[in-house]
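Hi,

Here is the structure I said I would pass on.

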Amino acid sequence: MIRLDAVTKSFTSRQGAAPALHGIDLSVGEGEIFGIIGASGAGKSTLVRLINLLERPTSGDVSIAGRRVTDLTGRDLHALRRSIGMVFQHFNLLSGRTVARNVAYPLELAGQLTKAQIAEKVAALLARVGLSDHAGKYPRQLSGGQKQRVGIARALANDPKVLLCDEATSALDPQTTGQVLDLLQEINRDLGVTIVMITHEMEVIRRACDRVAVLEKGRVVEEGPVTSVFLHPAHPVTRALVREAEGDAALVATDAAPGLHLRLTFTGAGAHQPLLGRIARDFGVDFAILGGRVGHIRTTPFAQFSIALTGGNGSAAMTALRAAGVTVEVIEGAAPTFAPARVERQFHVV
Amino acid sequence: MWSDRINWADIGTALSQTLTMVGISLLLTVLIGLPLGILLFVTGKGQPFARPLGYGALSFVLNIIRSVPFIILLIVLMPVTVLITGTSLGIRGVIFPLVVGTAPFFARLVETALREVDRGVIEASLAMGASPIQTIFRAVLPEALPGLIAAVTVTAIVLVDYTAMSGAIGGGGLGDLAIRYGYHRFQTEIMLVCVVILILLVQLIQASGNSLVTRFTRR
Ligand SMILES: Nc1ncnc2c1ncn2[C@@H]1O[C@H](COP(=O)(O)OP(=O)(O)OP(=O)(O)O)[C@@H](O)[C@H]1O
Ligand SMILES: [Mg+2]
């Protein structure tokens, strides 16, 4: 649906050209919720603004639905932008317009509907985001979550195929963040809209995204399905982001505990099987839990433990675990990083 | 009675002259200054049509006009005024210099008011497929409405001041009356009455401006 080919972007200032993005190759599938995560200044906003050409790439190409759009101008550019909705961190609503007239704004710009048709469409959009009762209010009379719902309704007004969200939940409290993420997923499911979601929080990626790219200093350092990037982060930046969201115990590498150190990852239905006890009995092994985390990635349940295996037939136990669909990684001995007591406290069940 | 020495009919005429001058020149100032202000805004740095050279040139000319004291502008412009309106006296003679004197000032206020508009709103409008012109007329100007009303208010008050000054060169109005009677004939009462009326006028303009600003501020 969206392709970036070797896209670079530099900003020229008095100090010279400052590269913000280096050779970005990305491809976002149709109907996907694609997350882009990175620290402040990594280039996330620049990247997402390239998609609707609010920024022009310095080199490389942008394609939407198989069409190269890099050089579009004038009417073609405006038409392209109408087919791509955008949601902003600070909502960017027109303060002088009511909620209903904010949602009507893109429809007025498109100029294809009559007043009555616009009113009808606005009512439907407000119903979708649950704001029917607030149509006549001004943005300043709304809470942050409500403002963002207006922003989402407005972004959907021209029936876009793609929705770009630049930190859409970063100005909201955790509960409201959850509601807005649920709404975006609902829109993705019901309307088949492809969503690109920018965030600096792994939590947002875990809850809402199918795939993710990790951006650092203008480069994609890791990319893949959220299930693999989140559970098996490879790049230090990704690991840091996961740790920030999940606590130190999530990725505990090794420990002073004796035995064979393994990281076991259960996903899907397997996350709920009473597997460990059975394996321990069958193969005469003991294990100590060094760290771990349990939760959901979108709707997929997962459980991940770092354990120290002692006694019995370790390698047979590993084979049996793998046969049961568990991902088993052997943790090579690194210096112990966390004390077990701390690790256990971090253990949590969602 | 002191008020017996005041010719109220004269004051009435002068007041209506002042109101006419302020009204007409305010209208013309807005008609000319608003597009200039928009032009300053859109050609300014970081805006959709940024044109450093055009902006610099326009800015330079407006600054020159603004740095000439109005009383001197009145005199310097006399020949041009006569060319345009056929006279440099009375209401007709004074409107041209009034507009020349205030339009650049108003244009600057417009530029400032437009710059106050949240950049995010402009970006959102562009992202929704609005052309830069649609963005300016449908998003920026409406969002700047309270600021623009405040700019008109301040300009109207400056015009009251300038019309009074133009009395010195025979422009008519309350200023003219005050100078003729108060200064040249030592009838201080008339001058006082004129000044009080001017004060009330300014207060009235400011109060109405403020209430309009409040009415249109939705932030
Ligand atoms: N218009 C611009 N002119 C010059 N430099 C810019 C411009 N926009 C962004 N940059 C620079 O590009 C880099 C990336 O900025 P960008 O806004 O994309 O980061 P970000 O990942 O979105 O950060 P944040 O999380 O703070 O929003 C930064 O170094 C920034 O200073
Ligand atoms: Mg950003």
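**Sheet in chain A, helix in chain B**

Let me start with one pairing: Ile33(A) has Ile195(A) in S8(A) as its bridge partner. Keep in mind that this is a predicted model. That pair belongs to strands S3 (residues 33-38) and S8 (residues 194-199) of chain A, which run parallel and are joined by five bridges.

Zooming out, chain A has an open sheet of six strands, ordered S6-S7-S8-S3-S9-S10, with mixed pairing. At the edges stand S6 (84-88) and S10 (219-225) of chain A; each has a single partner strand, so one side of each lacks a neighbour in the sheet. From one strand to the next, the twist averages 15°.

Two helices of chain A lie across this part of the chain. H6 (residues 174-191) lies across S3, S7 (162-166) and S8 of chain A, and runs at about 155° to S8(A). H9 (residues 236-246) of chain A lies across S3, S9 (211-216) and S10 of chain A, at about 110° to S9(A).

Now over to chain B, where I looked at another helix with the number H9. H9(B) covers residues 173-184, twelve in total, and spans 16 Å from first to last C-alpha, close to the 16 Å expected at 1.5 Å a residue. Its buried residues are Gly173(B), Leu174(B), Gly175(B), Asp176(B), Leu177(B), Ala178(B), Tyr181(B) and Gly182(B). Among what covers the buried residues of H9(B) are helices H1 (8-43), H8 (145-166) and H10 (188-216) of chain B. Just past the end of H9(B), Phe186(B) has a positive phi of about 55°.

Cheers

Notes. Residues numbered from 1 in each chain as written. Chains lettered and ligands numbered in written order. Predicted model: local features only at pLDDT ≥ 70, side-chain atom pairs only at ≥ 80, totals over all residues. Heavy atoms only, no water. Helix = DSSP H or I, 4+ residues; strand = E, 2+ residues; numbered from the N terminus. Expected span 1.5 Å × (residues − 1). Buried < 20%, exposed > 50% of the residue type's maximum accessible area, 1.4 Å probe, protein only. Contact = heavy atoms within 4.5 Å. Pairing = 2+ DSSP bridges. Axes fitted to C-alpha atoms, helices over the stretch in contact; angles between N-to-C directions.
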